[in-house]
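Let's chat through the aromatic rings and the pocket in this one. Have a look at the fold first.

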Amino acid sequence: VVVRNHLKYFGRLNDGGVRLRKEPNTTSAIVGTYPIKTGFRILDTGTKQETIGGQTAPWYKVRLLDGTEGWFFGTFVHNLYDGPDGSPPPWPNVPDW
């Protein structure tokens, strides 16, 4: 049984070749590069919006399934709790991993 509110702490990448950074900025060391649909736990959301490549979003601190931690830029993060308009989709319409 999946508890709906629990999903707001989980996400997956919506694009491939996404860099996981040690800190929430583009000059920080790259921890790794990950493919589309990589799953992770969302640990924290950055406190400010940043614009990179014309896209504005916060950074997300994440823990990958193998325990690796770092930061993904928000435009690449799909929170499994959010629907297309940012509100939760009706249960059980939750994207697969």
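Q: Which residues do ring pairs link into a cluster?
A: Rings of Phe, Tyr and Trp (its six-membered ring) pair if their centres lie within 6.5 Å. By that rule the count comes to three aromatic pairs. Ring pairs join up a cluster made of Tyr-34, Phe-40 and Phe-72.

One note on the model: it's predicted, so local features need pLDDT of at least 70 and side-chain atom pairs pLDDT 80 or more, while totals for chains, interfaces and linings use all residues. Numbering runs from 1 along each chain as its sequence is written, and side-chain values use heavy atoms, with hydrogens and water left out.

Q: Is the aromatic pair of Phe-40 and Phe-72 stacked, tilted or edge-to-face?
A: Planes under 30 degrees apart count as stacked, over 60 as edge-to-face and the rest as tilted. Phe-40 and Phe-72 sit 5.4 Å centre to centre with 50° between the planes, which makes the pair tilted.

Q: Are Phe-40 and Phe-72 buried or exposed?
A: Phe-40 belongs to strand E4 (residues 39-45) and Phe-72 to strand E8, 32 residues apart; strands here are DSSP runs of E, at least two residues, numbered from the N terminus. With under 20% relative accessible area as the cut-off (1.4 Å probe, protein chains only), both Phe-40 and Phe-72 are buried.

Q: Which element gives the largest share of the lining of the largest pocket?
A: A pocket is an open set of points on a 1 Å grid where a 1.4 Å probe fits, with protein on both sides within 12 Å along at least five of seven lines, and lining residues have an atom within 4 Å of a point. The largest pocket is lined by 14 residues, including Arg-19 and Phe-73. Strands E2 (18-21) and E8 (69-73) each give two or more residues, and the largest share, three residues, comes from E2.

Conventions: Helix = DSSP H or I, 4+ residues; strand = E, 2+ residues; numbered from the N terminus. Buried < 20%, exposed > 50% of the residue type's maximum accessible area, 1.4 Å probe, protein only.
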